[in-house]
Amino acid sequence: MVGTVCSGGVHGIDAYLVRVECDISEGFPGFDLVGSLSPEVRESRERVITALRNSGIRLPSKKITINLFPANVKKHGTGYDLPVAVSLLLAAGIVALDSVEETLIIGELMLTGEIGGVKGVLPIVKYAKDMGIKRCIVPSVNEREAVVVDGIMVIPVSSLGELIGYLSGSIDKNNCDTVIDKSSHTSASYEKYEYDFKDVSGQAIAKRGLEIGAAGLHNILMVGPPGTGKTLLAKCIPGILPPMNKDEILEVSSIYSVAGKLPPDGSLINNRPVVEAHHTISEVALAGGGTYPRPGLISLAHRGVLFLDEMPEFNKSVLEVLRQPIEDKVINLSKNGYSARYPANFMLVGALNPCPCGMYPDMKKCTCTESMRRRYMGKISKPLLDRMDLCLQVLRPNSSEMLNETEEESSEDIRKRVLMARDIQFERYKGSEILFNSQMGIKEIEKYCKLGESEKLLMEKAISKYDLSARSYHRILRSARTIADLDSCESIGTKHLTEALFYKSDYLC
């Protein structure tokens, strides 16, 4: 008799279905697992046998063969333990499962028979629903992420004995997916952020640049001496970012699910992620990778912000990893014949000092030679600088600004303007995959960034003066489009281009 169970795995953040087949036949007693398996999947043999024994189930002394179909797809992870155990129980006639093709099972087994959580449950359940599966049996610890998928019944189980009870009809779980309020997990809600722009003295130009960056999700470079507030300004960014819609929440949460980084309570990622990388980070940690490539920090920052403080202190090869995903909005990883594709559409925010000592251009305090300054800035390649949209000069506030008791504009006030600009972009790009002006391609730029005669003349002069590349030119137009949106202007005017050029300083030209 053959027992068959439907399960699933993930490739990148894309899920696929796996058919777990168990055959029990006469022959020399044994337990074989086949189907292009990674070491942790092959090890499930011992976990399953021990968990079944400790749950009061004795396996027949016969030849047991379990196949994970399709065999041409590499299976990895520990989520196949539970479907392997259930397929065995079905083949042995110990339990029965109605509508096998409509039920998906996933979970890791402990030796005691308890069921542990696994990575990637959210994208697997989403895909199962799309493939017409009616119910998913998942570990109890993964219930909160699974239950947000509409149109599919989620059955949480905490032990193998509980699952056997459900399959035998002694435990009723038909209404278990109504326990959790799904809407509370897919609605954007702002936290009480620790940092607020009202706590930053002065820096009006830098604040304006960050407002533009948040409104259009543009890449930003902040340059200034130490102690001027670059890091503080970066930490204030989360408080002005526009909320994510339901699709974005599910997309970002799927990445965190695959990476095993969802909050301990299993709730989704409702606010735009803000990820900070230390300058000692490796290429693999930033880009992602491993034996079976997992998402790195740039994918964990998808739809949010990746902050790199003291950029010249990063290894140059690490910084160069950013070039391709900044342009393509995805990153492709490959190792040992296994490849994965992860989203990487993030807003890059970098901060650096103008020279090794940090005092330039104050020549009375700066102790660096011209060659030292060039070598220091040379750690960031021209192609990477070319991909930054806005450069913000963060200068040391003067005494009047530091002593001024006038109340600064709060993050809440700035966010209102950001949300207004975001609504304009939402209407403009409705029906397309574009969400922010920074995502515009050449065709969209030609359609939405048309220039009048005076604006063209201004850009001709700018291209000649700054020797702008085509990439820089297009990034200036994207920034100008966002500035015009903040002003609620349908067309880009000279003042919008002038401001966009102002933020495209010599560092970026």
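Helix 4 (residues 121-130) packs against helix 9 (residues 246-259) with the axes 7 Å apart and at an angle of about 125°. Helix 4 is therefore oblique to helix 9. The model in which this packing is seen is a predicted one. On the helix 4 side, the contact is made by Val121, Leu122, Pro123 and Lys126, and on the helix 9 side by Leu250, Ser253, Ser254, Ser257 and Val258. Sorted by class, the residues of this contact are five nonpolar, three polar and one charged.

Helix 19 (residues 453-466) and helix 21 (residues 494-502) form another pair, with axes that come within 9 Å and cross at roughly 20°. An angle under 35 degrees counts as roughly parallel, so helix 19 and helix 21 are roughly parallel to each other. The crossing of helix 19 past helix 21 is right-handed. Helix 19 contributes Ser454, Glu455, Leu458, Met459 and Ala462, which meet Thr494, Leu497, Thr498 and Leu501 of helix 21. The residues of this contact comprise five nonpolar, three polar and one charged.

Two packed helices are described by the angle between their axes and the distance between the axes. The table sets out these values for both pairs.

| Helix pair | Angle | Axis distance |
|---|---|---|
| Helix 4 and helix 9 | about 125° | 7 Å apart |
| Helix 19 and helix 21 | roughly 20° | within 9 Å |

**The chain as a whole**

The protein chain contains 21 helices and 18 strands. Its C-alpha trace spans about 85 × 45 × 45 Å along the principal axes. Of the 509 residues in the protein chain, 54% are buried. The accessible surface of the protein chain is about 22,100 Å², and carbon and sulfur atoms hold 51% of that surface. Among contacts in the protein chain with a separation of 6 or more, 74% join residues 24 or more positions apart.

**A loop residue**

Asn345 lies in the loop between strand 16 (338-343) and strand 17 (347-352). Leaving aside residues up to four places away in sequence, Asn345 touches Ala301, His302, Arg303 and Gly304, together with Lys329 and Gln439.

Terms used: Residues numbered from 1 in each chain as written. Predicted model: local features only at pLDDT ≥ 70, side-chain atom pairs only at ≥ 80, totals over all residues. Heavy atoms only, no water. Axes fitted to C-alpha atoms, helices over the stretch in contact; angles between N-to-C directions. Helix = DSSP H or I, 4+ residues; strand = E, 2+ residues; numbered from the N terminus. Parallel < 35°, antiparallel > 145°, perpendicular 65-115°, else oblique. Contact = heavy atoms within 4.5 Å. Nonpolar A, V, L, I, M, F, W, Y, C, P; charged D, E, K, R; others polar. Left-handed = near helix turned anticlockwise from the far one by under 90°. Buried < 20%, exposed > 50% of the residue type's maximum accessible area, 1.4 Å probe, protein only. Areas by Shrake-Rupley, 256 points an atom, 1.4 Å probe, with all protein chains shown as cover.
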